[in-house]
Amino acid sequence: PHGSRLRAWASSSQVAAWTLRSFGPYDARRGVGQLLVAPWTVNRHPLDERGANRAGSGGRLEGEWYALRDIVEVRGGHVGSRAATVTMLDKTTFPFQLPGGEWVATGRVERAMEAIDVGGARLLELAWLAPTPTGRIAAVVWPTNQFAEAPAAEVERHVRRALRGHPRVRSWEIPSFVLLGDEPWEYRPRAKVRAMLSSHFGPALADP
């Protein structure tokens, strides 16, 4: 929905301009960053004391820009172009830092995991990353139907093998734990991820 919203704004008269801003592990100079949108009429909707747009943009007003919570990647064209091809990659609330200060680009790693191919078949339907209380990385994954009966150790082995040396995944971003989702993911996946990780690592878990 966020990608379609961007395309609708970029091709309509509602938006005067858009650009990207570096955020956490994402570098706007490389065409990946937080989405900023400048409507023709900045104060069209009322704002609360935090600058959040009550009309549902999910952003904060910063000067003439709305800083949205979307992390997007430019796949075609260039930043600011109405003809650019832009895809949703992450949210500003998801990336996290490890105790040593290293950023984990959650969306980029999760997309890499969801693209893992094993023998011509996709391994995972969905993958979520979160920090553990000990400062390591846990992944909760939902295998595709082809691997629904695969043991957790086999799935973890495929994940580790695919992520090692992946051009878009840094060595510290490879999860230390890979847990299989034990309920269907379609309904409230974040709540399911948090419940699973809390039961596995204890209640002192950061919100994924």
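Is Asp27 buried or exposed? Asp27 counts as buried, because its relative accessibility is 19% and buried means under 20% relative accessible area (exposed is over 50%, partly exposed in between; 1.4 Å probe, protein chains only).

**Before you click**

This is a predicted model, in which local features need pLDDT of at least 70, side-chain atom pairs count only at pLDDT 80 or more, and totals for chains, interfaces and linings use all residues. Residues are numbered from 1 along each chain as its sequence is written, and side-chain values use heavy atoms, leaving out hydrogens and water.

**Stop 1: the whole chain**

Show the protein chain as a cartoon. It has four helices and 12 strands. These are DSSP runs, numbered from the N terminus: helices are H or I with at least four residues, strands are E with at least two. The chain holds 208 residues, and 46% of them are buried.

Switch to a surface. The accessible surface comes to about 11,100 Å², and carbon and sulfur atoms hold 51% of it. Areas come from the Shrake-Rupley method with a 1.4 Å probe; for residues, only the protein chains shown count as cover.

Now think about contacts, meaning heavy atoms within 4.5 Å. Among contacts in the chain with a separation of 6 or more, 53% join residues 24 or more positions apart.

**Stop 2: the loop at Asp27**

Select Asp27. Asp27 sits in the loop between β1 (15-21) and β2 (32-39). Leaving out residues up to four places away in sequence, Asp27 touches Ser22 and Val32.

The term means a side-chain nitrogen of Lys or Arg within 4 Å of a carboxyl oxygen of Asp or Glu. Arg30 is exposed, with a relative accessible area of 71%.

**Stop 3**

A search of the whole structure finds nine salt bridges. Side chains of opposite charge can pair when their charged atoms come close.

Select Arg75 and Glu73. Their side chains meet at 3.3 Å, N to O. Arg75 is exposed at 55% relative accessible area, whereas Glu73 is buried at 8%.

Move to Arg170 and Glu173. Here the closest N and O atoms of the salt bridge are 2.8 Å apart. Arg170 counts as partly exposed, at 28% relative accessibility. Glu173 is buried, with a relative accessible area of 0%.

**Stop 4: Pro39**

Select Pro39, in strand β2. Pro39 is buried, with a relative accessible area of 18%. Pro39 and Tyr66 are 27 residues apart in sequence, and their C-alpha atoms are 8.0 Å apart in space.

**Stop 5: a three-stranded sheet**

Colour β10, β11 and β12. They form an open sheet in the order β10-β11-β12, with mixed pairing. β10 (124-131) and β12 (177-180) stand at the edges with a single partner strand each, so one side of each has no neighbour in the sheet. The twist averages 25° from one strand to the next.

Two strands count as paired if DSSP finds at least two bridges between them. β10 and β11 (residues 137-143) pair in the antiparallel sense over seven bridges.

**Stop 6**

Which strands does α2 lie across? They are β10 and β11, and α2 runs at about 150° to β10. Axes are lines fitted to C-alpha atoms (for helices, over the stretch in contact), and angles run from 0 to 180 degrees between N-to-C directions. Helix α3 (residues 152-163) also packs on the sheet, where it touches β10, β11 and β12. The direction of α3 makes about 130° with that of β12.

Go back to α2, residues 106-114. Eight of its nine residues are buried, so the rest of the structure largely encloses the helix. Buried residues of α2 include Arg108, Glu110 and Glu114.

**Last stop: Pro143**

Select Pro143, in strand β11. Not counting residues up to four places away in sequence, Pro143 touches Leu123, Leu124, Glu125, Ala148, Val155 and Leu180. Finish with Ala127. Its C-alpha atom is 8.8 Å from that of Pro143, 16 residues apart along the chain.
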